[in-house]
Amino acid sequence: MKENSAKYFSNQACQYYPCHKVEDAEEFNCLFCYCPLYVLGERCGGNFRYTDQGIKDCTNCSIPHHEGGYEYVMEHISKISDLVRKVN
């Protein structure tokens, strides 16, 4: 298992761990427990769907929880700033 760091954190004591189906739970990264890219809607780039009630369901997306997930989120997080600038 990796050690906790700025790019990786594992909370195996969490009642939902791991919160997505994965092949190797020992490699599951909990750092982005709540994905900061959720707010991007369809522009997040993940494997999501919308429920019949219009709620974004990220159950099938594990991008932030695997190796390279930190880098992926950091590469896309500026899109959130872009949205905020457009609104204000």
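Okay, housekeeping. The model is predicted, so local features need pLDDT of at least 70 and side-chain atom pairs count only at pLDDT 80 or more, while totals for chains, interfaces and linings use all residues. Residues are numbered from 1 along each chain as its sequence is written, and side-chain values use heavy atoms, with hydrogens and water left out.

Let's start with the layout. The protein chain has 2 helices and 2 strands, and along the sequence they come in the order β-β-α-α. Those are DSSP runs, numbered from the N terminus: H or I of at least four residues for helices, E of at least two for strands. The C-alpha atoms fill a box of roughly 40 × 30 × 20 Å along the principal axes. Of the 88 residues, 26% count as buried; that's under 20% relative accessible area, with exposed being over 50% and partly exposed in between, using a 1.4 Å probe and protein chains only. The accessible surface is about 6400 Å², and carbon and sulfur atoms own 52% of that. Areas come from the Shrake-Rupley method with a 1.4 Å probe, and for residues only the protein chains shown count as cover. As for contacts (heavy atoms within 4.5 Å), take those between residues at least 6 apart in sequence: 44% join residues at least 24 apart.

Of the 27 residues lining it, His 20, Cys 33, Tyr 34, Cys 35 and His 65 are the closest to its centre. A pocket here is an open set of points on a 1 Å grid over the protein atoms alone, where a 1.4 Å probe fits, with protein on both sides within 12 Å along at least five of seven lines; lining residues have an atom within 4 Å of a point. By class, the lining has 21 nonpolar, 5 polar and 1 charged residues. Nonpolar covers Ala, Val, Leu, Ile, Met, Phe, Trp, Tyr, Cys and Pro; charged is Asp, Glu, Lys and Arg; the others, Gly among them, are polar.

Cys 44 is in no disulfide either, with the sulfur of Cys 58 nearest at 6.0 Å. Cys 19 is partly exposed at 41% relative accessible area, whereas Cys 44 is buried at 8%.

Most peptide bonds are trans. Tyr 17 and Pro 18, though, are joined by a cis one, with omega at about -20°. Pro 18 sits in the segment before strand 1 and is partly exposed at 27%. Leaving out residues up to four places away in sequence, Pro 18 touches Ala 25 and Phe 28.

Two more residues, then I'm done. Lys 21 is also in the segment before strand 1 (49-50) and is exposed, with a relative accessible area of 85%. Its C-alpha lies 9.5 Å from that of Cys 61, 40 residues apart along the chain. Met 74 belongs to helix 1, residues 69-76, and is partly exposed at 35%. Met 74 and Pro 36 are 38 residues apart in sequence, with 9.6 Å between their C-alpha atoms.

Methods. A disulfide is a pair of cysteine sulfur atoms within 2.5 Å.
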